[in-house]
Amino acid sequence: MDVNRFMKAEHNLQYLASMRPVFNKRALFSDMTEDYVSPSEPSAYEEITIRFRAGKNNIDRVFFVCKGVRHLMFKRYSDDNFDYYTHEQQLENERVDYHFIVQQGRLECIYDRRGVVTDENSYYDFAVIPGFKTPDWAKGAVMYQIYVDRFCKGDQSNDVLTNEYKYIGSNSVHVEDWYSNPEQMDVRRFYGGDLQGVMDKLDYLEDLGIDVIYFNPLFVSPSNHKYDIQDYDNIDPHLGKIVNDGGELLENGRTENSQATRYINRVSNRENLDASNAFFAKLVEEVHRRGIKVILDGVFNHCGSFNKWMDRERIYENAPGYEKGAYVSADSPYKDYFHFYDGNKWPYNGTYDGWWGNDTLPKLNYEGSRQLVDYILYIGRKWVSPPYNADGWRLDVAADLGHSPEFNHHFWQEFRRAVKQANPNAIILAEHYGDPKEWLKGNEWDTVMNYDAFMEPVTWFLTGMQKHSDDYREDLRGNADSFWGAMRHHNSSFTMPSYMVAMNELSNHDHSRFLTRTNRRVGRINTLGAAAANEGVNKAVMREAVAIQMTWVGAPTIYYGDEAGVCGFTDPDSRRTYPWGREDLELIRFHKEMIRIHKENEEFRTGSLKFMLGEYNLIGYGRFNRNEQSVVLINNNDHPVTKDLSVWEIGIPKETILHQLMLSSDEGFTTEKREYPVIGGKITITLPKTSAVVLKHYSDDLDFGGSLNLTFQI
């Protein structure tokens with residue numbers, strides 16, 4: 001061997017290696033959006049193209065890794081900053097889980113849903129499910145949750161009356177003062193909000209910019225929350241229309257609901273039920289005319305003790321046209337709809353199984369009755385079909401349905417088939433706490449209310465508060481590592497069709513209002529009183545949260561009144577009325593501007609998301625697609641911070657300008673135009689205290705010294 005020649009060659013290789021840029025891990029990127037998986041919602045047996053991005057001329061090889069097998073990817077095109085590698089994958093009719101392995105010389109790293117990592121963990125693989133599609137209208141849609149009794153009173157004639165009936169030991173109460181706060185025992189107190197009130201405020205909702213109304217339950221029920229359904233077939237006339245109003249109240253010695261003849265007539269009389277259903281159909285038609293969708297709340301795990309199938313309160317026992325309830329008679333056609341512990345107690349058998357032991361919430365016994373299964377499937381189809389035409393279901397405590405995980409999954413598969421056959425464009429989203437991955441495999445739910453991967457991380461980071469205001473964690477407030485860690489971990493449960501339609505809320509009917517969480521006070525109305533929920537709140541922090549909500553992946557969902565400054569501790573205090581005439585108009589204007597920004601910039605609806613900044617009380621991220629790029633920065637400190645930030649990694653040219661779309665701080669907010677020069681791929685920006693900044697790069701901007709300049713590799 002010619003030793004000198006060998007050493008010279010080795011020296012040349014080392015020299016060439018030394019001339020290559022350092023392994024640029026921040027340039028590496030892929031996700032499951034259309035830019036990196038196409039088509040992003042493929043059918044079974046279709047061929048898809050998987051793409052991976054790396055720094056230009058910066059890596060030697062990248063492999064697509066599926067089932068432990070490495071497939072070499074090929075560089076197909078380049079721009080000024082990046083090389084793009086592709087792999088074509090022929091699908092079968094089964095899920096494809098994959099990640100990437102990137103090599104530069106002797107260096108190797110893994111890229112999965114966490115980004116660059118050194119350990120292979122299949123939990124964090126990217127995934128494509130052939131045949132799984134979610135409605136395009138729901139991707140990034142702005143939703144608005146309405147708790148009807150507390151939103152707006154439109155019809156005086158349908159109000160629940162004081163002493164109309166008895167619920168949980170006391171009589172119903174009609175609340176005269178719309179602006180009064182809920183009480184600790186609030187379930188039987190009614191303010192009179194109804195569907196006519198929603199109809200009256202459609203101009204407001206349309207002007208706000210919403211795409212979807214999500215209604216808390218609307219079906220006949222004795223409570224104001226209506227999660228104790230009495231009749232799945234009919235809209236509650238107290239929310240709809242009462243055209244026949246005969247009968248008596250529970251007065252003059254009447255103590256049993258079987259004597260509450262006015263209530264019985266209101267909720268069982270066919271005239272009232274038909275009129276209410278017809279009015280709901282009319283409302284949906286008008287909502288659709290305005291380009292807005294409607295989602296209904298489906299409570300199918302349990303019903304209510306008033307339910308006509310159970311009839312614990314004997315509402316239907318003597319009402320014309322109704323069968324005897326399972327509580328009333330052993331011969332009831334509904335007896336198998338429930339599980340009774342004692343088969344010898346009839347008539348009036350109260351030994352039924354209640355959800356979490358609550359006798360007001362009888363658990364439905366699906367395993368004991370195929371007839372019950374078929375009926376709920378019929379209900380699922382009915383309300384998304386003409387003449388009602390709702391656009392989907394939100395499923396209450398969906399993981400609890402049935403008595404075993406096996407049956408639960410079987411039922412939701414049947415439910416999905418039934419609903420999608422009736423309305424292929426309907427959405428099915430579930431209330432769920434914990435990992436939803438087992439239900440998001442393409443054959444059950446479309447998505448979930450996004451507690452773990454949105455509400456909780458945002459709340460902990462900005463306020464240090466638990467979502468019920470039951471705990472304060474100083475170690476989590478401003479903890480960017482915890483924020484990004486939670487987001488990366490919990491988002492891994494979603495494939496892209498689920499992720500883009502996930503319901504991203506800051507508040508809802510089960511938790512404290514986000515604005516109240518900004519005061520960082522631990523407590524509830526029974527410990528601190530309702531007034532404390534309004535004290536010391538920080539609207540600048542609220543605006544930070546809304547800025548994140550309107551620029552994050554998923555469907556930003558406003559809980560009615562949040563946009564108007566409504567406060568409240570957890571349920572029932574979070575169910576305060578909308579403050580018509582007393583709104584926080586500046587906060588409404590901020591919501592309108594952020595909704596506008598969300599809707600005008602496609603990257604916020606369907607684009608990629610990339611981590612860019614994570615320090616104490618500071619986070620930053622990019623939302624982008626191949627044509628548009630935006631940067632979102634949050635400074636939750638109580639002092640200004642100046643940062644040099646690399647923005648090239650989301651595809652922004654290294655010499656260009658960024659435009660300010662929104663600046664919010666403790667002094668207010670502005671959409672005043674301001675430009676930030678990008679020099680060498682970085683911007684320098686001073687973030688005011690408690691601020692949110694949204695910056696945008698426009699593809700037609702004059703880029704100084706840079707251009708797209710794609711180079712294709714054959």
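**Close-up views of a predicted model**

View 1. β23 pairs with strand β24 (residues 555–559) in the parallel sense, over three bridges. Strands count as paired if DSSP finds at least two bridges between them. Helices (H or I, at least four residues) and strands (E, at least two) are DSSP runs, numbered from the N terminus. Asn-504 has Pro-556 of β24 as its bridge partner. The model is predicted: local features need pLDDT of at least 70, side-chain atom pairs count only at pLDDT 80 or more, and totals for chains, interfaces and linings use all residues. Residues are numbered from 1 along each chain as its sequence is written, and side-chain values use heavy atoms, with hydrogens and water left out.

**View 2. The eight-stranded open sheet.** The strand order is β22-β21-β20-β19-β16-β11-β24-β23, with parallel pairing. β22 (447–448) and β23 (503–505) stand at the edges. Each has a single partner strand, so one side of each is left without a neighbour in the sheet. Helix α7 (residues 405–422) lies across β20 (392–395) and β21 (427–430). α7 runs at about 150 degrees to β21. Axes are lines fitted to C-alpha atoms, for helices over the stretch in contact; angles run from 0 to 180 degrees between N-to-C directions.

**View 3. Strand β7 and its antiparallel partners.** Eight of the nine residues of β7 (residues 96–104) are buried, so β7 is largely enclosed by the rest of the structure. Buried means under 20% relative accessible area, exposed over 50%, partly exposed in between (1.4 Å probe, protein chains only). Strand β3 (residues 61–66) joins β7 through five bridges, antiparallel. Val-62 stands opposite Val-102 in β7. Strand β10 (residues 126–128) pairs with β7 over three bridges, also in the antiparallel sense. Here Asp-97 faces Ala-127 in β10 as its opposite residue.

**View 4. The β7–β8 hairpin.** Five bridges join β7 to strand β8 (residues 107–112), and the two run antiparallel. Gln-103 stands opposite Glu-108 in β8. Two residues lie between the strands of this hairpin. Gly-105 takes a positive phi near 60 degrees.

**View 5. The nonpolar cores.** The largest nonpolar core holds 193 residues. Such a core is a set of buried Ala, Val, Leu, Ile, Met, Phe, Trp, Tyr and Cys residues joined through side-chain atoms within 4.5 Å. Tyr-98, Tyr-144, Phe-300, Trp-393 and Trp-552 touch the most other members. Helix α8 (residues 451–463) gives the most to this core, with seven residues. A second, separate core has 17 residues, including Val-187, Phe-190, Leu-250 and Tyr-316.

**View 6. Packing of α8 against α9.** The axes of α8 and helix α9 (residues 480–491) come within 9 Å and cross at roughly 175 degrees. That makes α8 roughly antiparallel to α9, a label for angles over 145 degrees. Contact means heavy atoms within 4.5 Å. From α8, Asp-452, Ala-453, Phe-454, Pro-457, Val-458 and Phe-461 meet Ala-480, Phe-483, Ala-486, Met-487, His-490 and Asn-491 in α9.

**View 7. The surroundings of Ser-574.** Ser-574 sits in the loop between β24 and α14 (585–600). Ser-574 is buried, at 0% relative accessible area. Leaving out residues up to four places away in sequence, Ser-574 touches Asn-508, His-509, His-511, Ser-512, Arg-513, Tyr-559, Tyr-560, Gly-568 and Phe-569.

Methods. Angles under 35 degrees count as roughly parallel, over 145 as roughly antiparallel, 65 to 115 as roughly perpendicular and the rest as oblique.
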